[in-house]
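Have the sequence and the 3D view ready, and follow along.

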Amino acid sequence: MKNTLDCVKEFHATYGLSIKDTPDLTDKRTNDLRISLLQEELDELKEALAEGNEKEVLDALTDLQYVLDGAYLSLGYHLLKEPAFAEVQRSNMSKLGLDGKPIVRPEDGKILKGPNYSPPDLAMVIEKWRNSASKQAA
């Protein structure tokens with residue numbers, strides 16, 4: 001099976017939805033649509049969790065991923081998705097405490113940042129991508 005981004009790319013191509021090859025945040029209509037679609041699916045997830053409805057939770061989670069991948073395509077970030085994810089993963093794994101264990105906020109279970117936390121450098125990810133793209137264009 002194709003990965004989720006490739007499946008959504010096929011959907012976009014079939015239905016004439018935008019697939020931008022470079023980041024572009026200038027189209028207010030696209031930006032507003034993406035926020036609206038994500039909010040709609042997030043609201044459905046919230047409702048399904050409140051109801052304890054397993055099927056609807058799975059539906060909402062899957063729809064969120066589908067719409068999120070559509071946003072990567074429509075906004076031109078799909079070529080940055082994997083390197084950005086890897087950088088966020090690196091950053092998240094740096095949250096451990098000095099004892100090598102997670103620091104957890106007791107009231108809600110949120111993982112907190114430890115003393116060696118290093119924030120993700122997404123500007124570097126974008127710069128590397130732009131440098132690579134300009135070399136390929138030359």
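Start with Phe11 and Tyr15, which both sit in helix H1 (residues 4–15). They are four residues apart, and that's about one turn of the helix. Keep in mind that you're looking at a predicted model.

So how do the two rings sit relative to each other? The count of aromatic pairs comes to two. In the pair made by Phe11 and Tyr15, the ring centres are 4.6 Å apart and the planes meet at 35°, so this pair is tilted. For a pair to be called stacked, the planes would have to be under 30 degrees apart.

How open are these two residues? Phe11 is partly exposed, with a relative accessible area of 32%, while Tyr15 is exposed, at 58%.

## A link to another helix

Phe11 also pairs up with Tyr66, this time edge-to-face. Here the centres are 5.6 Å apart, with 85° between the planes. Tyr66 belongs to helix H3 (residues 54–74) and Phe11 to helix H1, so this pair ties together parts that are 55 residues apart in sequence. Tyr66 is partly exposed too, with 34% relative accessibility.

## A charge over a ring

Which ring has the charged end of Lys81 over it? That would be the ring of Tyr72, and the charged end of Lys81 is 5.4 Å from the centre of this ring.

Methods: Residues numbered from 1 in each chain as written. Predicted model: local features only at pLDDT ≥ 70, side-chain atom pairs only at ≥ 80, totals over all residues. Heavy atoms only, no water. Phe/Tyr/Trp six-rings, centres within 6.5 Å; stacked < 30°, edge-to-face > 60°. Helix = DSSP H or I, 4+ residues; strand = E, 2+ residues; numbered from the N terminus. Buried < 20%, exposed > 50% of the residue type's maximum accessible area, 1.4 Å probe, protein only. Lys NZ or Arg CZ within 6 Å of the ring centre and 35° of its normal.
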